[in-house]
Amino acid sequence: MAIATMTTPLPISLFPFLLLIPALYFSICHPNSNVLCIQSEREALLKFKNDLIDPSNRLSSWVKGGDCCKWIGVVCHNSTGHVNQLHLAVPPLSSPDFDAPQAEWEAYYRSIDNSLLEGKINPSLLELKHLSSLDLSNNNFSSLHIPKFFGLLESLTYLNLSGAQFQGAIPHNLGNLSKLQYLDLGGNDLKSKSLQWVYGLSSLQYLDLSSANLSKANDWVQVTFKLPSLLELHLFDCGLEDVPSSISVNSSKSLVVLDLSFNRFSSVPKWIFSLHGHVSIDLSGNFWEGPIPDYFGNISFLEVLDLSFNFLNSPTPNSSYSLNRLQFLSLRDTHLQGTISSAIGNLSSVTHLDVSENQLNGQIPLSIGELSSLELFDVSKNQLNGQIPLSIGQLSSLELFDVSKNQLNGQIPLSIG
């Protein structure tokens with residue numbers, strides 16, 4: 001067992017594996033491919049390369065007369081030879097140890113900077129008629145807008161431009177990509193006054209527009225919640241504000257992850273409580289003040305709930321303890337008051353429980369020992385008192401246990417972990 005001094009919220013995305021699929025496909029399928037690439041597509045890729053700045057010479061294998069199906073970052077169809085995947089995300093680099101000398105860290109960051117592709121994006125990509133997957137994430141296109149011609153790559157099912165430093169308005173013709181299942185534009189300097197273009201993405205399952213300025217896109221709820229197949233919606237730090245209660249929302253029946261963290265909501269949007277199925281909600285870091293509404297208990301299939309870094313300034317309502325499918329609950333730094341109810345033992349599925357940095361008082365209830373799946377328990381920086389309950393020793397799955405900076409006494413049961 002480790003005693004933690006701080007905790008990091010667990011990611012609530014179900015799709016990180018999608019980022020690995022291109023690399024796995026490349027490493028497994030590419031070496032066994034005996035097909036030769038199409039000459040016109042090889043020439044298109046060379047035109048594309050010629051407009052890029054490649055300080056680390058990552059694309060050194062891209063040479064005239066070569067087989068483009070064997071070039072770094074290029075994947076061809078096993079039988080036809082058509083280029084169907086182009087993955088030029090920055091390759092991962094091993095970071096120095098945390099306590100490494102500053103010179104090592106400076107060299108590490110220089111290596112990252114030198115590995116970024118820059119320059120222009122040549123429309124010769126349009127000649128790759130069978131391109132289904134395009135990943136340019138985490139490069140440096142800081143002087144560019146997202147090219148409008150991307151909306152003409154009609155075979156795309158996967159488009160990842162996250163962290164590539166694009167600027168300006170999101171081109172609305174991206175909505176022409178009706179086959180697109182995965183779209184990540186997060187971590188750029190983008191803006192959009194309307195999300196009407198999203199209506200055209202009828203096959204979309206994953207959408208990330210995090211850090212885009214959507215403060216004027218008042219239609220974001222109506223549009224995104226009508227996407228029939230959407231599983232994940234990530235709108236972290238988009239300048240979103242409260243939606244008028246008069247707006248009618250046709251709630252998605254497929255959505256399982258909803259990230260609205262670090263926006264400008266002053267209360268919990270009521271339309272959230274019409275969600276169906278297994279769902280994860282992140283509302284952390286907004287401007288929400290006031291108590292947790294009792295109707296949170298209406299989301300019977302809620303699995304992840306992150307309300308940290310708000311100003312709730314109230315006790316936790318008893319309805320929250322009825323969420324017996326909840327796995328992740330973070331109420332960190334929300335100015336919670338009062339005691340921890342013995343009803344906490346009803347959270348039978350919870351694995352991660354963080355109520356640190358609040359004004360909770362009283363004792364840790366004995367019922368905490370009923371949370372048999374609990375792996376992380378953080379109640380640090382509160383005003384709790386009394387004995388550490390011996391029932392903590394029943395938690396065989398517990399890995400992180402932090403009760404520091406309270407007025408608790410007694411010993412931590414040795415049977416933990």
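The structure holds 3 cavities of 30 Å³ or more. A cavity here is a set of points, on a 1 Å grid over the protein atoms alone, where a 1.4 Å probe fits but cannot get out. The largest cavity has a volume of about 90 Å³, where a volume is the space filled by probe spheres set on the points, with grid points joined across faces, edges and corners. Which residues line the largest cavity? They are Thr-316, Tyr-321, Leu-329, Leu-331, Leu-336, Ile-340, Ile-344, Leu-353, Val-355 and Leu-360; a lining residue has an atom within 4 Å of a point. By class, this lining has 9 nonpolar residues, 1 polar residue and no charged ones. In this scheme Ala, Val, Leu, Ile, Met, Phe, Trp, Tyr, Cys and Pro count as nonpolar, Asp, Glu, Lys and Arg as charged, and the others, Gly among them, as polar.

A word on the model itself: it is predicted, so local features need pLDDT of at least 70 and side-chain atom pairs count only at pLDDT 80 or more, while totals for chains, interfaces and linings use all residues. Residues are numbered from 1 along each chain as its sequence is written, and side-chain values use heavy atoms, with hydrogens and water left out.

**The chain as a whole**

The protein chain has 4 helices and 22 strands. These are DSSP runs numbered from the N terminus: helices are H or I with at least four residues, and strands are E with at least two. Of the 417 residues of the protein chain, 52% count as buried. Buried means under 20% relative accessible area, exposed means over 50%, and partly exposed lies in between (1.4 Å probe, protein chains only). Contact means heavy atoms within 4.5 Å. Among the contacts in the protein chain with a separation of 6 or more, 57% come from residues 24 or more positions apart.

**The nonpolar core**

A nonpolar core is a set of buried Ala, Val, Leu, Ile, Met, Phe, Trp, Tyr and Cys residues joined through side-chain atoms within 4.5 Å. The largest one has 110 residues, and those with the most contacts inside it are Leu-86, Ile-121, Phe-150, Trp-220, Leu-260, Ile-272 and Phe-296. The elements that give two or more residues to this core are H2, E2, strand E3 (83-87), helix H4 (220-224), strand E13 (279-282) and strand E14 (302-306). H2 supplies the largest share, 4 residues. You can look at Trp-220 for a close-up: leaving aside its neighbours within four places in sequence, Trp-220 is in contact with Leu-195, Leu-235, Leu-240, Val-243, Leu-260, Phe-265 and Trp-271.

**Disulfides**

How many disulfides does a search of the whole structure find? The search finds 2, a disulfide being a pair of cysteine sulfur atoms within 2.5 Å.

| Disulfide | S to S | Torsion about the S-S bond | Handedness |
|---|---|---|---|
| Cys-37 to Cys-68 | 2.4 Å | 140 degrees | right-handed |
| Cys-69 to Cys-76 | 2.1 Å | about -100 degrees | left-handed |

Cys-37 lies in the loop between helix H1 (16-29) and helix H2 (39-50), and Cys-68 in the loop between strand E1 (52-53) and strand E2 (74-76), so this pair ties together parts that are 31 residues apart in sequence. Both Cys-37 and Cys-68 are buried. In the other pair, Cys-69 counts as buried at 2% relative accessibility, and Cys-76 is buried with a relative accessible area of 4%. With bonded cysteines counted along the chain, the disulfides follow the pattern 1-2, 3-4. Cys-238 is also buried, with a relative accessible area of 1%.

His-172 sits in the loop between strand E7 (167-169) and strand E8 (182-184). His-172 is partly exposed, with a relative accessible area of 47%. Not counting residues up to four places away in sequence, His-172 touches Ser-192, Ser-194 and Trp-197. His-172 and Gln-196 are 24 residues apart in sequence and 8.0 Å apart in space, C-alpha to C-alpha.

Most residues other than glycine have a negative phi. Asp-333 has a positive phi of about 55 degrees although it is not a glycine. Asp-333 is found in the loop between strand E15 (328-330) and strand E16 (337-339) and counts as partly exposed at 24% relative accessibility. Lys-405 also has a positive phi, near 60 degrees. The place of Lys-405 is the loop between strand E21 (400-402) and strand E22 (407-409). Is Lys-405 buried or exposed? At 60% relative accessibility, Lys-405 counts as exposed.

Note on methods. 1 Å grid on protein atoms, 1.4 Å probe; cavity = no way out; pocket = protein on both sides within 12 Å on 5 of 7 lines; lining within 4 Å.
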